[in-house]
Amino acid sequence: MVFSYNWLKDYIKNLPKPTKLAELLNLYAFEVEEVKKAGSDWVLDVDVLPSRGPDCFSHIGIAREIAAIAGLNLQIPTAEVKEDKDIKTKDFVSVEVKNKQACLRYTARAVSNIKVGPSPKWLKDRLRVCGLRPVNNVVDIANYVMLETGQPLHAFDGEKIEGKKIVVRFAKKNEKIVTLDEEKYELDENILVIADAKRPVAVAGIKGGKLPEIDKKTKTIVLESANFAPWVVRKASQKLKLKTDASWRFEHGLDPNLTELAINRAAFLIQKLAKGKAAKGVIDFYPQKVLPRRIKLDLNYLEKLLGAKIPLWHVKDILKRLELKPKVFRSQSIIVEVPTFRRDLSIPEDLIEEIGRIYGYEKIKAVFPNVSLVPPKKNLNVFWEEVIKNILKGAGFSEVYNYSFINENESRLFDKKELVEVENPLSFEQKYLRPSLIPGLLKNIQKNQRHFNDIRIFELGKIFTLQKAQGKVEEKRMLTGVVTGNEFYQLKGVVDLLLHGLGISDIYYDSYKPTPEESKLAIWHTQKCAEIKVGLEEIGFLGEISQKTIDSFKIEKKLVVFDIDFEKLQKLSSEETIYQPISRYPAAVRDLAVLVPRGTKVVEVLNKINAVAGSLIRDIDLFDVYEGEELPRGKKNLAFHIVYQAKNKTLSSQEVDQIQQKIVKTLEKNLEWQVRD
Amino acid sequence: MLVNLKLLKKRAQKEIAQAGDLKLLNEVFKRYLGKKGELTFVLRSLEKIPKAKRKKIGQEANELKKFLKIQFDQRAAGLKEKVKKEDEEKEWIDITRPGKRPLVGHLHPLTQVKKKTEEIFQAMGFNITEGPETENEWYNFDALNIPKDHPARDFWDTFYLKDGLLLRTHTTPVDVRYMEKNNPPLRIITIGRCFRHEATDASHESNFYQIDGLMVGPDVSVANFKATIQEFFQRFFSKPIEIRMRPSYFPFTEPSFEVDMSCLVCGGKGCSACQRTGWMEMMGAGMMHPNVFKNAGLNPKNWQGWAFGMGFDRLAMMKYKINDIRLFYSGDLRFLKQF
């Protein structure tokens with residue numbers, strides 16, 4: 001909210017210079033966004049904290065705050081209305097409040113014989129500095145008093161109020177109102193209105209209606225200074241999508257005791273500037289008077305919470321400067337009476353904040369806490385995330401962070417029933433929460449392919465799926481990586497490296513058997529895809545992305561992806577490594593080449609070899625797979641290095657040859673397999 | 001036997017010294033100590049010498065043999081050294097040519113800053129905690145003393161999901177979740193992804209990271225907060241840093257503050273980076289509101305403590321002088337490969 005420097009100066013004689021004032025407010029009350037010259041005045045744009053709306057959305061409130069901070073004297077203007085004994089307010093208007101929870105107070109006054117015209121220059125200037133457009137003296141005064149006290153006011157043309165009757169009630173269904181700015185609004189039972197005998201004439205706390213508008217001919221006005229419940233105004237404002245200076249103030253809550261001061265200030269100024277006669281008496285509906293609160297402040301707690309000792313005299317001084325009244329003193333506590341304009345203060349901690357900030361947080365010395373020496377617990381998620389990321393980094397993968405959302409196009413890759421939909425997306429890119437990290441990574445490839453030939457990237461992040469059965473959203477972390485090119489085995493090697501790095505050994509790869517739904521979606525290449533398994537548990541997939549998907553993302557190269565469930569991976573990971581004694585006996589290496597049908601899996605051959613001589617073999621390395629013209633059609637040649645080594649003796653050359661012969665015999669039991677020399 | 005051993009010694013020494021390479025040295029060796037060498041000859045012919053002289057000459061000749069062997073060895077070692085040196089000199093390489101780097105990847109800057117932050121707080125005894133990114137209204141708002149139908153709720157622009165949940169707008173809900181399950185005293189930090197329903201620009205993103213810290217004990221104070229957070233900033237930015245607290249408002253803390261630190265660029269004198277104020281706004285913080293303790297099942301009479309929340313992307317942006325938050329989520333390898 002913007003404040004006029006000159007205006008504040010009316011209340012505080014020796015007000016500090018504008019920039020100094022901004023600095024004081026900044027440190028001890030509110031952030032000042034901007035200080036700027038405006039003609040002969042200065043404008044301060046102050047970010048009043050929402051809790052202080054009730055008192056500080058006003059020049060008096062800010063002045064009071066400045067006086068407290070700087071220890072200066074404050075002079076609030078008086079509002080002595082000279083009432084005309086011959087006319088009575090109740091002859092001009094009557095007030096009926098139908099709902100006292102929605103309207104806590106309704107104060108009205110009437111002023112007659114007024115002369116509507118332009119406001120004097122000083123008043124226009126003040127309004128303009130504060131960003132309001134001058135209209136006429138009556139409306140301007142209502143606005144001026146709002147800026148001054150924080151209390152929104154409204155002025156009706158007294159002669160236009162049907163039946164001289166004001167009824168504060170909720171609107172009826174299908175009632176309508178045209179507001180001062182000629183906008184038409186449909187009302188309903190949730191919207192509180194000010195009505196006359198016939199129809200709504202204002203939306204309570206938000207905006208006046210066109211009907212009883214003040215115009216040049218207006219002679220008698222009825223002033224409204226009311227207190228509407230914040231929730232009522234907020235609801236109506238949201239419903240009508242209409243926010244005004246008044247609604248904003250009511251939403252933050254106002255002191256019901258403020259209506260009287262404000263209405264008297266307005267009547268006083270109208271008398272002065274529009275030459276009106278104030279009718280005798282104030283109509284005041286105020287069934288439940290709000291009284292000052294009392295809060296008990298424990299001085300030990302004050303010291304303990306701030307971590308600083310503030311002398312008692314200083315505490316008292318601060319409270320008094322804030323117009324809080326320290327009343328009863330006991331040895332270790334004070335009872336503080338809080339004036340009703342400080343609606344934000346209700347618990348001892350609120351008082352401690354007031355004392356702390358005015359005392360100055362800069363005076364509180366930094367002190368390290370006294371705590372017992374409990375070392376922090378290891379967070380396994382964080383620990384393993386780091387290990388995984390470092391392994392992948394070492395394998396040449398760069399890490400990306402993608403958005404948690406996917407758009408409609410990307411959603412076609414997934415089963416709609418499992419998608420979590422965003423209720424209020426800002427753009428079509430945010431239609432659903434991501435059910436997989438794959439679309440994000442594919443987009444990354446698409447964007448980067450112009451600049452890089454070979455791309456290796458991964459992401460570790462949360463995905464979201466709707467579990468219709470339980471009716472809840474499942475959130476889990478996935479680890480997904482992608483590499484460009486026809487690199488299935490390279491990526492499989494990376495997965496092996498990763499799993500071994502995590503202390504997981506019982507790994508194998510199983511053919512991928514998609515469910516019928518998955519087949520339709522076709523993210524994966526049907527042949528070049530495997531389930532990654534540890535023990536009996538499937539922990540993820542490894543495979544090439546289908547051509548259809550690659551094309552739809554406008555990607556030029558083939559892609560291989562691993563997509564692993566991090567939660568499962570984390571649970572399987574282990575830091576333990578057990579040393580295997582190094583054999584003291586020499587190793588012997590023999591090569592073995594087998595001609596097998598193309599469809600034979602390497603693992604079948606390996607299993608046979610291991611079954612024969614597992615305990616004497618330290619390592620088998622498949623060093624070549626060859627398919628070519630020299631070979632019979634439909635065959636491929638597998639070439640292995642086999643490293644023989646026993647744990648307890650030296651294997652003689654003859655022994656090794658014997659074992660190798662045994663392996664050959666076993667392999668050739670399969671008539672389609674042929675060991676080559 | 002008239003060979004003068006003294007002369008022979010002199011001559012041999014001279015020739016050894018003059019032998020310019022190993023081959024020449026070998027020839028000299030042969031001449032004196034070879035099968036037909038002069039000294040060998042002397043030693044062989046000792047028996048022809050009368051006994052009286054034999055002993056003396058024999059002794060001298062043997063000593064000379066030992067001496068010359070040492071001389072040969074030393075000279076040979078010296079020559080070998082020289083050869084190696086010459087060989088090495090031929091192996092000149094251009095050390096200004098670029099090195100061949102192994103292919104390694106890059107960790108995301110936020111990952112790196114997260115690790116550093118976690119290390120600093122763990123060193124101060126803080127546990128690292130986590131919580132769900134999809135939250136309910138209770139943990140995200142109500143439990144944090146942010147009432148329904150209150151303008152304070154407008155501060156957190158929220159993405160709602162069709163299934164009654166929302167995307168957490170801050171990591172503060174984790175404080176409540178943690179306090180429900182763990183009794184104080186406690187020290188935790190949470191770094192996680194949060195969401196704001198607002199338009200994207202260079203400093204705002206629909207998803208972003210926030211760090212939340214919480215310390216609760218029987219007497220954890222504002223003074224303790226100041227010390228802890230100052231220590232964090234000093235360690236994080238590796239330089240002396242001042243902390244300033246200004247009044248603020250958060251429904252879940254009372255008192256509440258904005259926390260500024262002395263400008264990283266000018267150190268507090270005022271420069272363009274800090275809009276001439278000497279300070280940089282870093283975080284919101286405060287003493288946990290008694291209602292939050294109650295909502296987490298703790299008795300506020302027994303416990304007090306501080307909490308803070310800070311935009312984590314911004315911390316990384318300051319560290320690496322990045323001017324656009326969107327780069328973090330762009331997946332642009334030209335950006336990511338710089339870290």
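1. The domain bounds used here come from an automatic or database domain assignment. On that basis chain B is divided into domain 1, residues 5–90, and domain 2, residues 109–336. The centres of domain 1 of chain B and domain 2 of chain B, taken over C-alpha atoms, are separated by 85 Å. The whole is a predicted model.

2. The overall dimensions of chain B can be set beside that division. Its C-alpha trace spans about 130 × 45 × 45 Å along the principal axes. The radius of gyration of chain B is 41 Å, whereas a compact globule of 339 residues would have one near 20 Å. Chain B holds eleven helices and nine strands, and 40% of its 339 residues count as buried. Of the contacts in chain B with a separation of 6 or more, 65% come from residues 24 or more positions apart.

3. Chain A has 22 helices and 32 strands. Its C-alpha trace covers about 130 × 60 × 45 Å along the principal axes. For 677 residues a compact globule would have a radius of gyration near 26 Å, but the value for chain A is 41 Å. Buried residues account for 40% of the 677 residues in chain A. Among its contacts between residues at least 6 apart in sequence, 70% join residues at least 24 apart.

4. Next, the contact between the chains. It takes 74 residues from chain A and 66 residues from chain B. On the side of chain B that touches chain A, the elements giving two or more residues include helix H5 (109–123), strand E5 (207–217), helix H8 (222–237) and strand E7 (253–262) of chain B. The largest share of that side, seven residues, comes from H8(B). By class, the side of chain B that touches chain A has 31 nonpolar, 19 polar and 16 charged residues.

5. H8(B) deserves a separate point. This helix has 16 residues and reaches 22 Å from its first C-alpha to its last, close to the 22 Å expected at 1.5 Å a residue. The buried residues of H8(B) are B:Val222, B:Asn224, B:Phe225, B:Lys226, B:Thr228, B:Ile229, B:Phe232 and B:Phe233. Just after H8(B), B:Ser238 takes a positive phi of about 50°.

6. Helix H2 (residues 22–33) of chain B has twelve residues, and its first and last C-alpha atoms are 15 Å apart, close to the 16 Å expected at 1.5 Å a residue. Which residues of H2(B) are buried? They are B:Val28, B:Phe29 and B:Tyr32. These three lie on the same side of H2(B) because they cover an arc of only 105° around the axis. An α-helix has 3.6 residues a turn, so residues three or four places apart point the same way. On the other side of H2(B), B:Lys23 and B:Glu27 are exposed.

7. One residue of chain A is worth checking by eye. A:Arg321 lies in helix H12 (residues 312–321) of chain A. Why does A:Arg321 count as partly exposed? It has 19 C-beta neighbours inside 10 Å, and a residue is buried if 20 or more other C-beta atoms lie within 10 Å of its own. Leaving aside neighbours within four places in sequence, A:Arg321 is in contact with A:Ala68, A:Gly71 and A:Ile358. A:Arg321 and A:Ile66 are 255 residues apart in sequence, yet 9.9 Å apart in space, C-alpha to C-alpha.

How values were computed. Residues are numbered from 1 along each chain as its sequence is written. Chains are lettered from A and ligands numbered from 1 in the order in which they are written. This is a predicted model: local features need pLDDT of at least 70, side-chain atom pairs count only at pLDDT 80 or more; totals for chains, interfaces and linings use all residues. Helices (H or I, at least four residues) and strands (E, at least two) are DSSP runs, numbered from the N terminus. The expected span of a helix is 1.5 Å times one less than its number of residues. A residue is buried if 20 or more other C-beta atoms lie within 10 Å of its own, exposed if 12 or fewer, and partly exposed in between; C-beta atoms are placed from the backbone. The arc is that of the directions from the helix axis to the C-beta atoms. Two residues are in contact if their C-beta atoms, placed from the backbone, lie within 7 Å. Ala, Val, Leu, Ile, Met, Phe, Trp, Tyr, Cys and Pro count as nonpolar, Asp, Glu, Lys and Arg as charged, and the others, Gly among them, as polar. The radius of gyration is taken over C-alpha atoms; the globule rule is 2.2 Å times the number of residues to the power 0.38.
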